[in-house]
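Student: Could we go through this one together? Start with whatever terms I need for the strands.
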Amino acid sequence: MKAVFIEGHGGPEVLRYGQRPEPAIADHEVKVRVRAVALNRLDTYVRAGVRGQRKQFPPPLILGGDSAGEVVSVGDRVTTLQVGQRVVINPRISCGTCSFCLSGDDDLCSSFRFLGSDADGSYAEFVSVPAANAYPIADQVSFQEAAAVPTVYLPIWNMLIRKAQLKPWETVLVLSASAGVGTAAIQVAKNIIGARVIATTSSQEKAARALELGADHVINYTSEDITARVKELTEGQGVDAVVDHVGAQFFEAAYNSLKRGGRYGVCGVTTGYQAQLQLGTLFTKQLRVFGVYMGSKEDMRQIVEMLNQGKIKPVIHQTFPLNQAAEAHRAMEGRSFFGKLVLTP
Ligand SMILES: [Zn+2]
């Protein structure tokens with residue numbers, strides 16, 4: 001089959017488009033004809049061999065996690081899916097047998113494999129995954145929209161719905177709203193929860209898009225002070241929750257924007273790992289700082305239900321044919337996009 005793979009780490013030029021063997025399927029797996037793959041930062045980290053993503057070669061590694069397509073064959077023990085069904089794939093494959101998996105907290109499983117990082121991924125014509133990782137999508141949901149969902153909506157669902165338990169009468173600050181995770185956070189906070197949303201972004205054009213998506217206010221972090229502006233917008237109160245997927249750069253400003261009893265969720269550190277935590281305000285204001293990493297299978301089931309009902313609609317910035325994966329990686333590293341970049345095999 002045709003696939004995009006790497007045989008060593010480096011820039012976008014190491015992405016090879018060529019032939020790889022079609023994946024086999026185990027008894028509990030399904031094989032999916034991939035119709036769309038969405039890019040994530042992880043793809044560029046794996047390609048470059050940074051942030052804990054150094055791999056041993058050979059064998060070559062097919063990149064790609066988030067994807068959607070049609071089931072073309074099912075393993076002998078699969079009873080939940082049939083050939084021809086349209087599905088979206090959750091790229092995080094948990095072990096299914098540890099205490100976390102058995103208690104439904106499979107987002108805490110430490111023996112997981114990630115498609116496109118620990119196993120061959122979905123920058124390919126076909127990919128095989130456990131049936132538990134493939135979720136049927138409704139006819140009106142496009143493959144591209146579905147592929148854009150898992151890695152950005154899972155941490156946001158885990159963070160806002162399950163851990164922060166954001167309420168409709170509360171206000172959330174979403175940092176860097178133009179990235180896929182930011183757009184997901186605005187939609188979940190607004191369309192699912194009904195909360196008030198303050199988003200930050202870097203340009204007027206991106207601000208207009210964030211407002212269109214449902215943000216109530218946008219702070220331009222290149223010209224405005226996040227903490228001061230949040231205080232103004234909340235009558236000096238601050239926000240009830242923060243969605244942080246960028247890490248170091250805005251931590252202090254966003255942390256200082258929290259109201260008493262506020263919750264600060266971190267699901268990414270694209271701008272850096274290290275930040276200063278003011279322990280005094282942590283306990284006197286009774287704040288909570290917590291991390292989330294992807295989400296559980298049950299989170300994914302709920303997300304797909306909302307996707308199928310049209311309550312969340314992923315933002316696609318641009319689609320590239322699979323053989324232009326290098327171009328798509330360059331676009332992702334260029335950062336001048338709003339929403340997701342998608343490849344179509
Ligand atoms: Zn497990």
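Tutor: Two strands pair if DSSP finds at least two bridges between them, and strands are DSSP runs of E with at least two residues, numbered from the N terminus. This is a predicted model, where local features need pLDDT of at least 70, side-chain atom pairs count only at pLDDT 80 or more, and totals for chains, interfaces and linings use all residues. Residues are numbered from 1 along each chain as its sequence is written, and side-chain values use heavy atoms, with hydrogens and water left out.

Student: How many bridges hold β17 and β18, and in which sense do they pair?
Tutor: Five bridges, parallel, with β17 covering residues 316-321. Pro 321 is opposite Thr 344 of β18.

Student: And β3 with β18, parallel or antiparallel?
Tutor: Antiparallel, through two bridges; β3 spans residues 29-38. Ala 38 faces Val 342 in β18.

Student: Why is β18 largely enclosed?
Tutor: Because four of its five residues (340-344) are buried, meaning under 20% relative accessible area with a 1.4 Å probe, protein chains only.

Student: Switching to zinc. What are the protein donors?
Tutor: The SG atoms of Cys 95, Cys 98, Cys 101 and Cys 109, at 2.3 to 2.4 Å from the zinc ion. Donors here are N, O and S atoms within 2.8 Å of the metal (3.2 Å for Na, K and Ca); water is not among the atoms, so sites may look incomplete.

Student: What spacing do the donors follow along the chain?
Tutor: C-x2-C-x2-C-x7-C.

Student: Are Cys 101 and Cys 109 buried or exposed?
Tutor: Both Cys 101 and Cys 109 are buried.

How values were computed:
Buried < 20%, exposed > 50% of the residue type's maximum accessible area, 1.4 Å probe, protein only.
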